[in-house]
Amino acid sequence: MTTNTEKFDRWIRDDFVDMNTALEERYFAQAGDRVNVAGIGDEIKNDLVAEGREHIIRLLEEGNTDEGFEAGFDLLGNVGFYMAACRRHDITEPSRETTSPLREASALALQLGASLGVAPRFVTAHLSTHNRAVNGVSKSFTALDDEMIFNEYNTRSILGFKRAADALFRILPLGLPSPIAPDLLAAAKTALDDVYANNAVLNEKLDVDRFFLCVRPYYKPYRVGLHVYRGANAGDFAGINVIDLLLGLCRADEAYYSQLLVDKLLYMLPEDQVLLKDCMRRGSLLEELLEVGKEHRGSESYQQCVRLFLDVCDMHGRIAAQHHDQLVSRFIEMPSRGLNQAHMDKLTASGPPLPVLLRSLEKLRDLRMAAQRDDIRTSHGQIERLRSTLRG
């Protein structure tokens, strides 16, 4: 890293965290509307804006040093942290702006995003899979325990999904009749077991109020230059969608699901974009199993594959239900019920009003569970047809 990049990184890891933490403690200590941030800690907010801008101006004057993707992506994350914090503290607010008042930060973010092939803002990978630890401490917005817990267990779940997706993807060139396929299906199931376990720990350890009031607000949409970019989403990586598609639980030619994939592409790492696009053009393992079963359903190898495949599908569905019925319900839907109406339209990170978001997430849950629904096409019938091929 260049000296200016190093200085900015140190500021993000130290003073920036201290300022955000101090502001969160003031917000949280309010006796009334704890979502309100107006008129609180203005001297800290002014310092945050000025210090960050000073670092970014020096980086713009230095120019693009082209030190490779990792360095560029890390710098984009730091600029994004700064812009996201300004949005969280209502220093910027897309609905009252036509262009971002953070002109220097927007210029640097747009340059980096365009050159890297990603959205010009901080994304989930900056807090999870591409969050380099220094002296055992990863980057964060605040020093609050609940942010550390969320980042740690969310990262573990993401890595579990990635392991499962990798195992399933490796079946494709081998084919399900391969003697190696059961090993890979078992590996996918083990990885998904880990996701479920980590989500359960997150549900147990994370404080609802602290997450809702002090962590999640950093994931809001904000404006970069002229355009508003939606907030970071925990699903902004290819693995979970690779699992959806390869298991045959979701289809890339279904408008609702394909729109979801299109909307998230630029919020993923370039390698994930390539993986997802590759997966979108392939058939599913479910279709392959049904085809193979026409002639070989009586063989022991086929029966073993079907059992393991259904185990993977069932666990993926259990995780979807866990995420929606426990995590989303407990950490987003329930605490929003007592929210001042003035704050409701700015609640979700993805942009749409909360009821719209919840309906969309419910649909996604039911697709992943292969639930029987009359209003959307799920894989319920195919899964049950496959299940019927099992011997007692």
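**Reading helix packing and burial in a predicted model**

Me: How do H14 and H16 pack, and at what angle?

Reply: Axes are lines fitted to C-alpha atoms, for helices over the stretch in contact, and angles run from 0 to 180 degrees between N-to-C directions. Here helix H14 (residues 300–336) packs with helix H16 (residues 354–368) at about 165 degrees, their axes 8 Å apart. That makes H14 roughly antiparallel to H16; the cut-offs are under 35 degrees for roughly parallel, over 145 for roughly antiparallel, 65 to 115 for roughly perpendicular, and oblique for the rest. Helices (H or I, at least four residues) are DSSP runs, numbered from the N terminus. Before going on: this is a predicted model, where local features need pLDDT of at least 70, side-chain atom pairs count only at pLDDT 80 or more, and totals for chains, interfaces and linings use all residues. Residues are numbered from 1 along each chain as its sequence is written, and side-chain values use heavy atoms, with hydrogens and water left out.

Me: Which residues of H14 and H16 make the contact?

Reply: Contact means heavy atoms within 4.5 Å. On the H14 side they include Cys313, His316, Ala320 and Ile332, and on the H16 side Leu354, Leu358, Leu361 and Arg365 are among them. By class, this contact of H14 with H16 has 8 nonpolar, 4 polar and 5 charged residues; Ala, Val, Leu, Ile, Met, Phe, Trp, Tyr, Cys and Pro count as nonpolar, Asp, Glu, Lys and Arg as charged, and the others, Gly among them, as polar.

Me: And how do H9 and H14 cross?

Reply: The axes of helix H9 (residues 208–215) and H14 come within 9 Å and cross at roughly 75 degrees, so the two are roughly perpendicular. Val208, Phe211 and Phe212 of H9 meet Arg330, Phe331, Ile332, Pro335 and Ser336 of H14. That splits into 6 nonpolar, 1 polar and 1 charged.

Me: Is Asp278 buried or exposed?

Reply: Buried means under 20% relative accessible area, exposed over 50%, partly exposed in between (1.4 Å probe, protein chains only). Asp278, in helix H12 (residues 270–280), has 18% relative accessibility and so counts as buried.

Me: Which residues of H11 are buried?

Reply: In helix H11 (residues 255–264) they are Tyr256, Tyr257, Ser258, Leu261 and Lys264. Those buried residues pack against helix H10 (239–247), H12 and H16.

Me: What about Ala370: where is it, and what is its phi?

Reply: Ala370 sits in the loop between H16 and helix H17 (380–387). Its phi is positive, about 55 degrees, although Ala370 is not a glycine. With a relative accessible area of 10%, Ala370 is buried.
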